[in-house]
Amino acid sequence: MANVILALLPALIASVLIFGLRALLVTAVTVAACVAMEWTWCALHHEKQTVGDLSAVVTGLLLAFNLPSTVPLYLPVIGAAAAILVTKQLFGGIGHNYANPAIVGRIALAVSFPSLMTAYPYPQTLSGVDILSSATPLAAHGQRLPLLDLLLGTHGGVLGETCALALLIGFGWLLITRTVELTIPLPYLGTVALMSLVFGYSVPTQLLSGGILLGAFFMATDYTTSPFTRRGKLIFGVGCGLITCAIRFWGNMNEGVGYSILLMNLTVPYINAKTRKIPMGGGKRK
């Protein structure tokens, strides 16, 4: 968890530089709400405190990175409740949740408060932050931003998704420390790239905008909610890519990363069962 937090710091710094100090405030409130709810749950149920494992901090950071900097501060608290209390603690705490808590928190907020969750601010300039909402590159209807803008995140979006360069730096740290492998992100991004080529969409726009890098690097790779076999991880990554493209290309939403990972999370028990390795000399259970 500490490695994941360190890997998310570049994106946090980038969000403050792009959207101003409001980004830091939203992140602090979200992390504090997640930690407080986990601590309160354990205290009320007389369970061993688990806030020290830092998983609630990671959930808070990921949930905050899925929010625009313009959201009212009660929204992160509601999202934290959906993530920590409903998705994580009700199912037994860390290691037992059926889906990534941050993704469920984001989807719950997106469904309940669509206008607030899509009020994307324009990145700050020397004169301050433009409070007018702006479309993300995925909503630009074919308009292709320069590659540098996509890498640096100088476009509308949520806190942790806009700066692709910061996410790539963080993912590099996860690979160096062997916290995650390429087994899920590579087939995920490769599937999206291939589908984009086949159906005539801009590959850089599809890969460097929206939540795909944040999702592929930090949420689809969650140990608890992803398959434990290599073949299963490959299937999981390809499935995430196919669903993401289906929603982006033919759905009524510009983004499909959260829904794709959540849907694939629900298939993980079946993927594990079908890809489980048989010990040498063992036979299939009748």
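Trp-250 is exposed, with a relative accessible area of 52%; exposed means over 50%, buried under 20% and partly exposed in between, using a 1.4 Å probe and protein chains only. The model is predicted, with local features needing pLDDT of at least 70 and side-chain atom pairs counting only at pLDDT 80 or more, while totals for chains, interfaces and linings use all residues. Residues are numbered from 1 along each chain as its sequence is written, and side-chain values use heavy atoms, with hydrogens and water left out.

**Surroundings of Trp-250**
- Trp-250 is placed in helix 12; helices are DSSP runs (H or I, at least four residues) numbered from the N terminus.
- Leaving aside neighbours within four places in sequence, Trp-250 is in contact with Met-195, Phe-199 and Cys-245, where contact means heavy atoms within 4.5 Å.
- From Trp-250 to Val-26 the separation is 224 residues in sequence and 32 Å in space, C-alpha to C-alpha.

**Nonpolar cores**
- The largest nonpolar core has 64 residues, and Tyr-188 and Phe-218 have the most contacts inside it; such a core is a set of buried Ala, Val, Leu, Ile, Met, Phe, Trp, Tyr and Cys residues joined through side-chain atoms within 4.5 Å.
- Helix 1 (residues 2–19) gives the most to this core, with nine residues.
- Apart from this core lies another, of six residues, among them Ala-33, Cys-34, Met-37 and Ala-80.
- Not counting residues up to four places away in sequence, Phe-218 touches several residues, including Val-4, Leu-62, Phe-171 and Leu-213.
- In soluble globular proteins, nonpolar side chains tend to be buried together.

**Helix 2 against helix 4**
- Two packed helices are described by the angle between their axes and the distance between the axes.
- The axes of helix 2 and helix 4 come within 9 Å and cross at roughly 35°; axes are lines fitted to C-alpha atoms, for helices over the stretch in contact, with angles running from 0 to 180 degrees between N-to-C directions.
- This crossing of helix 2 and helix 4 is right-handed, that is, the near helix is turned clockwise from the far one by less than a right angle.
- Residues of helix 2, including Ala-33, Met-37 and Trp-41, meet residues of helix 4, including Val-77, Ala-80 and Ile-84.

**Thr-87 in helix 4**
- Thr-87 lies in helix 4 (residues 74–88) and is buried, with a relative accessible area of 0%.
- The side chain of Thr-87 reaches the backbone oxygen of Ala-82 at 2.7 Å.
- Beyond its neighbours within four places in sequence, Thr-87 is in contact with residues that include Asn-97, Tyr-98, Pro-101 and Val-104.

**Positive phi values**
- Most residues other than glycine have a negative phi.
- His-46 has a positive phi of about 55° although it is not a glycine; His-46 is in the loop between helix 2 (21–44) and helix 3 (55–64).
- Leu-54, in the loop between helix 2 and helix 3, has a positive phi near 70°.
- His-46 counts as exposed at 76% relative accessibility, whereas Leu-54 counts as partly exposed at 30%.

**Helix 13**
- A kink of about 45° lies at Thr-267 in helix 13 (residues 257–275), shortly before the proline Pro-269; the bend at a residue is the angle between axes fitted to the seven residues ending there and the seven starting there.
- Buried residues of helix 13 include Ile-261, Leu-262, Met-264 and Val-268, and their cover includes helix 5 (101–112), helix 9 (185–198), helix 11 (212–219) and helix 12 (230–250).

Technical notes
Helices (H or I, at least four residues) and strands (E, at least two) are DSSP runs, numbered from the N terminus. A polar contact is a pair of N or O atoms within 3.5 Å; within protein, one must be able to donate a hydrogen and the other to accept it, and residues adjacent in sequence count only if both atoms are side-chain atoms.
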